[in-house]
Amino acid sequence: MGKRRKTLILTFVMGFFTTAFVLPLISALSVPSFDAILVALFGEGSIWALAFSLLLILLIAFGVRKAIKDYA
């Protein structure tokens, strides 16, 4: 298995375990969900909340892509 493939698999596994273990802990600590924060910031059904979410997702995706490209 190549180094790049191992890196991608490790990234996937770390993301899975983070979701499986950290999200229930955050929920147990009564931290508000991202949906509740968006409604508090922009109001119910706001197009700005959608734009903000899309921008955040794109920034995370490009950051992860750059990190994987630099590492591999």
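Mentor: The account below covers the confidence of the model and then the aromatic residues in turn.

The model is predicted, and the protein averages a pLDDT of 88, with 97% of the residues scoring at least 70. Confidence is lowest in helix α1 (residues 3-28), at a mean of 87, and highest in helix α2 (residues 34-42), at 90.

The count of aromatic pairs comes to three. One of them joins F17 and F21, whose ring centres are 5.8 Å apart and whose planes meet at 10 degrees; the pair is stacked because planes under 30 degrees apart count as such. Both residues lie in helix α1, four residues apart, which is about one turn of the helix. F17 is partly exposed at 43% relative accessibility, whereas F21, at 57%, counts as exposed. Ring pairs also bring in F16, so that F16, F17 and F21 are linked into a cluster.

Another pair consists of F42 and F52, with ring centres 5.8 Å apart and planes at 50 degrees, so this pair is tilted. This pair links distant parts of the chain, as F42 belongs to helix α2 and F52 to helix α3 (residues 47-71), 10 residues apart. F42 is partly exposed at 32% relative accessibility, and F52 is likewise partly exposed at 35%.

F52 is also touched by F34, a residue of helix α2. Leaving aside residues up to four places away in sequence, F34 contacts F52, S53 and L56. The relative accessible area of F34 is 39%, so F34 is partly exposed. The C-alpha atoms of F34 and V13 are separated by 23 Å, the two residues being 21 apart along the chain.

How values were computed. Residues numbered from 1 in each chain as written. Predicted model: local features only at pLDDT ≥ 70, side-chain atom pairs only at ≥ 80, totals over all residues. Heavy atoms only, no water. pLDDT = per-residue confidence, 0-100. Helix = DSSP H or I, 4+ residues; strand = E, 2+ residues; numbered from the N terminus. Buried < 20%, exposed > 50% of the residue type's maximum accessible area, 1.4 Å probe, protein only. Contact = heavy atoms within 4.5 Å. Phe/Tyr/Trp six-rings, centres within 6.5 Å; stacked < 30°, edge-to-face > 60°.
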